[in-house]
Structure formats: C-alpha cells, structure tokens
Amino acid sequence: MLVPLPKLDEMNFVRDIAPKDWMKPADRDDAWYFQRGYGALGVIAFECFRARMQPQTILDFGCGHGCVARMLRAHFPKARIVGQDVHADWMDWCGTHLGIETVVSPALIADVTLPENSYDLIWAGSIFSHLPESAALHLLAQFRQALTPTGIAVFSTAGQVMRNA
C-alpha cells in the first residue's frame with residue numbers, strides 16, 4: 001500500500017546532523033537542511049506512486065551524511081535502506097545515527113559494482129552532474145542490473161542553480 005507523504009513537521013525522522021555535513025552551510029538553519037531532504041523525498045514518493053510501488057529495498061547512492069536517507073527511513077520504515085558513498089567516515093556516521101546499512105564505494109565510478117536484482121528503488125542525488133559520460137553510462141548500467149524487475153531509479157542532475165546559469 002502506498003503511503004501519502006506527510007508534512008515535514010509531522011514526520012518522525014532523525015534530527016541529528018553530522019558536524020562536517022557539507023550539505024548544511026553554517027549560515028543556514030536545520031530547517032533549511034531538512035527541507036532539502038524532504039524535497040527529494042517528495043520527488044521519490046511521487047515516482048513510487050506513479051510506478052504503484054512501495055519499495056522494500058532502497059539504495060541511496062552517494063548518500064553523504066544522509067540528508068535524504070533520514071527521510072527515506074522515516075517514510076519507508078520497514079524498508080531495507082542502504083547508503084553508499086566513497087567516504088568511510090560518512091558511512092560510519094550514517095550507520096550509527098540513521099540506522100541504515102552502509103557500503104563504502106570505490107573512489108572510481110568505473111570500479112563500482114552493485115549486486116544484481118537487489119533494489120526496488122535507487123536514489124542518486126546530483127551524482128551524474130559530476131561525472132564524465134563514460135562514468136555516467138557505467139553507473140546507469142550498474143543501476144539497471146541492480147534493480148528488481150519492477151524497480152525504479154530516481155536521480156537528480158544539476159538542479160536549479162545550473163538551470164539559471
């Protein structure tokens with residue numbers, strides 16, 4: 001059964017923010033940071049609704065300190081959520097504070113291999129914006145083989161800043 005997206009202030013999510021989380025600039029408050037993750041969750045939840053799918057296994061690829069992963073955990077509490085990033089200390093923080101499984105990624109995208117047929121949902125926030133074409137194609141191929149037959153990949157690219165550049 002698909003779950004409607006509650007308002008941000010009605011959600012029960014982890015409100016601890018890693019001290020070195022680059023997604024939260026010093027001049028912004030916590031609400032600003034949480035809104036970033038909630039905005040991504042809105043896109044993800046909409047795509048799950050369109051696919052008529054309630055994910056049981058989720059990969060947050062390039063999850064950083066878990067800005068989106070915390071929202072995924074709150075909205076899909078029974079799902080197995082895996083965060084993957086190149087920074088081992090960030091993955092340690094996410095595992096300890098957000099209660100998700102973590103995987104440390106190889107530094108080179110060409111070395112990334114994902115387990116076949118493992119995820120109903122893959123989220124990748126602004127990863128492709130930073131990759132050359134060959135790396136992006138490799139990662140898309142990995143996403144395709146890692147998705148279950150009814151799974152979906154949802155990802156963002158450059159975003160509003162680049163659109164206005």
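## Cores, strands and charged pairs in a predicted model

Five of the six residues of strand E2 are buried, so E2 is largely enclosed by the rest of the structure. Buried here means under 20% relative accessible area, exposed means over 50%, and partly exposed lies in between (1.4 Å probe, protein chains only). Helices (H or I, at least four residues) and strands (E, at least two) are DSSP runs, numbered from the N terminus.

The structure is a predicted model, in which local features need pLDDT of at least 70 and side-chain atom pairs count only at pLDDT 80 or more, while totals for chains, interfaces and linings use all residues. Residues are numbered from 1 along each chain as its sequence is written, and side-chain values use heavy atoms, with hydrogens and water left out.

**Strand pairing**

Strand E2 has strand E1 as a partner: the two pair in the parallel sense over five bridges. Two strands are said to pair if DSSP finds at least two bridges between them. Within this arrangement, Ile 58 stands opposite Ile 81 in E2.

**The nonpolar cores**

A nonpolar core is a set of buried Ala, Val, Leu, Ile, Met, Phe, Trp, Tyr and Cys residues joined through side-chain atoms within 4.5 Å. The largest such core has 32 residues, and Ile 44 and Leu 72 are those with the most contacts inside it. Two or more residues are given to this core by each of helix H1 (30-50), helix H2 (69-75), helix H3 (88-98), strand E4 (119-124) and strand E5 (147-155). H1 provides the largest share, seven residues.

Contact means heavy atoms within 4.5 Å. When neighbours within four places in sequence are left aside, Ile 44 is in contact with Val 68, Leu 72, Leu 121, Trp 123 and Val 154. A second, separate core has 17 residues, among them Tyr 119, Ile 127, Leu 139 and Ala 146.

**A buried phenylalanine**

Phe 143 is found in helix H4 (residues 133-146). With a relative accessibility of 2%, Phe 143 counts as buried. Phe 143 and Ala 107 are 36 residues apart in sequence, and their C-alpha atoms are 17 Å apart in space.

**Salt bridges**

Side chains of opposite charge can pair when their charged atoms come close. A salt bridge is a side-chain nitrogen of Lys or Arg within 4 Å of a carboxyl oxygen of Asp or Glu. A search of the whole structure finds three salt bridges, which are listed below.

| Lys or Arg residue | Asp or Glu residue | N to O distance |
|---|---|---|
| Lys 24 | Asp 30 | 3.9 Å |
| Arg 50 | Glu 47 | 3.1 Å |
| Arg 80 | Glu 101 | 3.0 Å |

Glu 101 lies in strand E3 and Arg 80 in strand E2 (residues 80-85), so this pair ties together parts that are 21 residues apart in sequence. Glu 101 is partly exposed, at 40% relative accessible area, and Arg 80 is also partly exposed, at 36%.

Arg 50 and Glu 47, by contrast, both lie in helix H1, three residues apart, which is about one turn of the helix. Arg 50 counts as exposed at 53% relative accessibility, whereas Glu 47 is partly exposed at 25%. In the remaining pair, Asp 30 is partly exposed, with 37% relative accessibility.

**Surface features and backbone angles**

Leu 137, Leu 140 and Phe 155 form a nonpolar patch on the surface, with about 260 Å² of accessible area together. Patches are made of residues with over 30% relative accessible area and no salt bridge; like charges are joined within 9 Å, and nonpolar side chains (Val, Leu, Ile, Met, Phe, Trp, Tyr) within 5 Å. Accessible areas come from the Shrake-Rupley method with a 1.4 Å probe, and for residues only the protein chains shown count as cover. Phe 155 is found in strand E5 and is partly exposed, with a relative accessible area of 39%.

Which value does phi take at Arg 52? The angle is near 55°, a positive value in a residue other than glycine. Arg 52 is placed in the loop between H1 and strand E1 (57-61), and it counts as exposed at 72% relative accessibility. Asn 117, not a glycine either, has a positive phi of about 55°. Asn 117 is found in the loop between strand E3 (101-104) and E4, and it is partly exposed, with a relative accessible area of 45%.
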